[in-house]
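Welcome! Take a moment to look over the sequence and the 3D structure before reading the notes.

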Amino acid sequence: MKIETIEYKKYDEMVYKYEHSSGLKCIVVPKRGYYKKYATFSTQYGSVDNEFIIPGEKTKTKVPDGIAHFLEHKLFEQKDGSVMDKFAALGSRPNAFTSFNQTVYLFSCTDMFKENFDLLLNFVQNPYITEESVEKEKGIIAQEINMYRDNPGWRVSFNLLDALYKEHPVKLDIAGSIESIGRITKETLYKCYDTFYHPSNMVITVVGDVDYRQVFEQVEKNIKTAEKVSGIKRIYPEEGEGLNKKYSEQIMPVSTPLFYIGFKDSSLEPEGTEILKYDLAVKLLLSAIIGKSSELYTKLYDKGLINSTFEMDFSLEKSYAYSMLGGESINPEAVMELLVKEIKTIRDKGLEPSVFERLRRASKGRFLRQMNSVESISRSFINLYFKGVTMFDYLNVYDTIGFDYITDVFDKHFDIERMALSVVKNR
Amino acid sequence: MTNINTSGEKPDKISEINGIRIYNIKSDKFKTNTINIFFEDDLNINSVALNALFPSVLRRGCKGLPTIRDINLYLEELYGAVFDCGIVKKGERQIIQFYFEYVSDKYTSDGHRNFERAFEFLLNIIFNPHLQNGIFNEQYVEQEKNNLKMLVEGRTNDKVQYALDRCYELMCREEPFGLYEYGTARQIEGITARELYSHYKEKVLTLPADIFITGELSDTDTEFLIKRIRSIGRKGQKALSAAIVKSLPGKIKYYEDKMDINQAKLSLGFRTNITAKEDEYYALLVYNGILGGGMHSKLFQNVREKAGLAYYVFAGLEKFKGLMIIGSGIDIKEREHVKELILKELDEIQAGNITDYEFKATIKSLETGIQSLKDSQLQIVDFYLSQLTAGTHDTMEALLEKIKLVTKEEVIAVSKKIQLDTEYFLTANN
């Protein structure tokens with residue numbers, strides 16, 4: 001067994017990596033003194049993967065929206081009943097979630113790790129889907145779709161993505177629509193499973209006070225597939241740089257309007273640590289422009305245009321990237337106007353270099369804080385794993401990112417022509 | 001890898017000075033340390049909005065750092081330290097929290113002792129606010145009144161939480177517990193800067209307070225801490241009241257709200273007649289777990305999984321006042337059907353129908369829950385603060401041991417004391 005060890009001495013962290021013959025990757029981050037053991041089994045398969053070419057085939061396959069999420073629900077059912085019950089008997093907490101790009105199965109336990117881990121490894125590899133159970137699941141997922149339709153925070157962010165993107169499936173609800181899930185059948189579910197749940201498209205992470213050798217041995221013993229397969233070809237629609245629309249509005253029962261402003265970014269497909277560098281640069285820029293220590297934030301807060309719900313983030317994936325910022329505001333248009341003015345001023349006068357030294361230090365501190373939580377370590381590893389980097393690679397990027405680079409990223413990303421506003425407000 | 005020292009995530013009491021109890025929870029497995037300062041008051045209609053408002057004005061500026069921007073520049077220089085304040089409701093107590101988290105000295109390399117800087121900052125925020133003409137800055141007060149009003153009015157945005165809170169509030173509308181911990185828009189509107197300032201001054205000098213520090217404290221740190229606390233001129237301590245625990249007043253109450261929504265919420269509020277102080281509390285914890293505390297529970301298994309009638313359904317306890325709530329998200333048409341199924345599960349427990357699987361999985365799940373608290377500094381602190389509020393003295397280990405001793409018979413006995421008080425339904429217009 002070939003195990004790769006990486007030590008981050010300065011931060012008292014270690015990472016152990018191992019690759020199974022099937023191409024499955026496995027990562028262990030030991031956390032001494034922790035009680036929780038947090039394990040995930042994930043596939044690089046999310047709501048945006050609706051059109052693809054199956055390895056070995058020549059023609060494209062198109063499947064209904066929401067199928068990755070539907071499959072996630074179905075996997076918990078096994079031939080001998082629900083796997084949930086078996087985890088529950090061990091007192092552990094299984095869960096799963098589907099994002100745009102991944103489906104993640106996980107559990108958190110404080111005792112009997114081996115038994116729990118066996119359950120996880122086995123149920124994800126053994127789907128048991130019947131026509132009857134597919135029909136029943138449609139009712140449950142319809143309830144879930146309804147619940148999210150009532151959630152203004154969810155709506156305002158998806159409406160923003162719908163404004164930013166014309167064609168890309170990132171604009172669609174992860175669970176699909178009641179109409180699209182109606183078209184899902186047992187056969188399409190198995191087709192998607194066989195395509196995307198091959199170990200070479202998957203990763204396992206374990207974070208907690210565990211023995212990494214035992215974890216890897218358990219993986220070795222339990223993975224059924226021995227050979228790798230060639231990659232899946234994913235097909236995304238031609239998106240282009242332009243917006244779908246500049247403004248989106250939805251009427252819902254909210255006391256204060258909710259808003260998000262987004263920037264669509266088309267500088268796609270950076271590789272390796274370049275991803276981290278770009279990601280960090282955009283996040284530092286967001287802080288510099290409208291973060292809590294910026295002049296603009298103070299101005300907006302003093303005018304009562306934003307409050308402590310204000311937040312911002314940046315997402316960078318292979319086929320799309322965008323930043324978003326927002327929260328509650330009595331006047332979202334006024335927030336946008338002041339932001340546009342600020343961006344124009346920076347374009348004329350340039351960025352202030354000294355700001356970034358401070359923000360970099362702050363950002364690094366907040367990054368260290370994330371390492372307190374087994375959940376957030378695991379989440380970061382999964383997100384970055386499929387991009388070929390690890391969470392700890394950030395630490396090098398923090399120390400090497402330069403002002404010229406940040407300036408370039410500003411010019412690329414903060415383009416007013418590719419900015420949209422989404423608002424949810426009361427009648 | 002270095003060795004990790006922990007004290008089993010238990011607090012050591014360092015000192016008690018002028019009504020301020022100071023605790024240290026040692027642990028070096030975290031990358032950060034935290035300081036929490038809590039001021040505890042009775043939930044009271046006359047002070048609830050004032051108490052909710054003054055921390056958000058304090059957050060705006062202090063001596064030397066008069067604006068939000070100054071504060072955030074300071075936090076960023078301190079390796080991205082995190083500072084916030086807020087309001088917590090525990091039973092009939094309104095607790096004002098000031099929170100600071102900073103990177104441990106061993107991961108910063110400038111040789112400063114960060115504890116001193118952090119603690120000094122928090123004391124400065126609490127005791128030396130930015131003033132104008134001898135009172136709070138009027139502009140800050142007006143802005144924070146607006147923000148607080150928005151928060152209060154925005155409660156309905158999160159329907160899941162709202163349907164639970166609203167049920168409890170309607171159920172206890174004649175008791176302090178029925179007050180929302182952030183007050184009402186009307187109460188907030190009437191507050192003046194002068195009134196708020198004198199209220200604040202009285203409160204920080206007289207309310208009982210607890211300080212929890214997580215992470216390593218050196219002798220020098222402790223000395224500094226005690227000296228600084230002594231220098232605050234506190235004036236005696238307000239005595240707080242115990243929560244009212246009422247039994248069923250008679251008829252079940254029914255309430256309904258309508259909103260523009262797709263999924264209805266049904267909440268059922270119960271009086272358990274048992275608080276955390278009683279011996280039966282441990283059996284109540286197990287009862288609640290069997291009924292609706294996770295995937296193994298009767299409600300989850302039967303109402304959600306078998307009948308497919310709820311997207312979510314669970315039961316939760318309010319241990320300070322002896323209440324229980326069942327929350328569910330359901331189809332609008334299924335109200336009566338779901339209620340019937342839920343109440344049937346309560347009857348099942350009363351009739352003694354508890355399987356070994358349900359019982360054992362509940363105990364195991366409570367164990368996982370308690371052990372997991374130890375991996376979060378905030379949750380460790382919250383656990384011990386709750387012990388103080390409830391007047392109980394269990395460590396996490398002791399709590400776990402007592403839960404493991406609970407028998408099925410005790411659970412059945414507890415189930416007979418639980419009474420439905422209020423039914424609340426949040427449904428669609430038309």
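Here is a short briefing, grouped by topic.

This is a predicted model, in which local features need pLDDT of at least 70, side-chain atom pairs count only at pLDDT 80 or more, and totals for chains, interfaces and linings use all residues. Residues are numbered from 1 along each chain as its sequence is written, while chains are lettered from A and ligands numbered from 1 in the order in which they are written.

**Overall build of chain A**
- Chain A contains 15 helices and 17 strands, which are DSSP runs numbered from the N terminus (helices are H or I, at least four residues; strands are E, at least two).
- The C-alpha trace of chain A spans about 60 × 55 × 45 Å along its principal axes.
- Of its 427 residues, 47% count as buried, meaning that 20 or more other C-beta atoms, placed from the backbone, lie within 10 Å of the residue's own.

**An annotated domain**
- UniProt, in an unreviewed entry, places "domain: Peptidase M16 N-terminal" at residues 65-175 of chain A; its positions follow the numbering used here, feature names are shortened, and annotations may be inferred rather than shown by experiment.
- Residues 65-175 of chain A are 55% helix and 15% strand, and the end C-alpha atoms of this span lie 7 Å apart.

**Where chain B meets chain A**
- In total, 50 residues of chain B are in contact with 54 residues of chain A (contact means C-beta atoms, placed from the backbone, within 7 Å).
- On the side of chain B that touches chain A, α2 (68-77), β5 (93-103), α4 (138-153) and α12 (356-373) of chain B each supply at least two residues.
- The largest share of that side, eight residues, comes from α12(B).

How values were computed. Buried ≥ 20, exposed ≤ 12 C-beta atoms within 10 Å, placed from the backbone. Contact = placed C-beta atoms within 7 Å.
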